[in-house]
Amino acid sequence: MRDFYPVFFLILTFVAFFLNILGLMKLIPLYITLPLFFVSIYLTLYSMTNRKVYRRSR
């Protein structure tokens, strides 16, 4: 399931980008689209760069 998170967040980023374009055309308020776009970019980058470090227990 964790392998699909980056793909899901990447799709979410494209949807948020489209909504942001609509916000720039003043069809949707920018104060809704800009935080959504920022959070989707953050989650995409976090899910792609976050790696768990496994430590061996003795």
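Helices here are DSSP runs of H or I with at least four residues, and they are numbered from the N terminus. The model is predicted, so local features need pLDDT of at least 70 and side-chain atom pairs count only at pLDDT 80 or more, while totals for chains, interfaces and linings use all residues. Residues are numbered from 1 along each chain as its sequence is written, and side-chain values use heavy atoms, without hydrogens and water.

**View A. The crossing of α1 and α2.** The axes of α1 and α2, lines fitted to C-alpha atoms over the stretch in contact, come within 8 Å and cross at roughly 160 degrees. That makes α1 roughly antiparallel to α2 (angles over 145 degrees count as such, on a scale from 0 to 180 degrees between N-to-C directions).

**View B. L27 in the loop.** L27 lies in the loop between α1 (5–24) and α2 (30–49). L27 counts as exposed because its relative accessibility is 60% (buried is under 20%, exposed over 50%, partly exposed in between, with a 1.4 Å probe and protein chains only).

**View C. K26 and its phi.** K26 is also placed in the loop between α1 and α2. Its phi is near 65 degrees, a positive value in a residue other than glycine. Most residues other than glycine have a negative phi. With 72% relative accessibility, K26 counts as exposed.

**View D. P29 and L19.** P29 is found in the loop between α1 and α2 and is partly exposed, at a relative accessible area of 33%. The C-alpha atoms of P29 and L19 are 9.7 Å apart, and the two residues are ten residues apart along the chain.

Technical notes
Helix = DSSP H or I, 4+ residues; strand = E, 2+ residues; numbered from the N terminus. Parallel < 35°, antiparallel > 145°, perpendicular 65-115°, else oblique.
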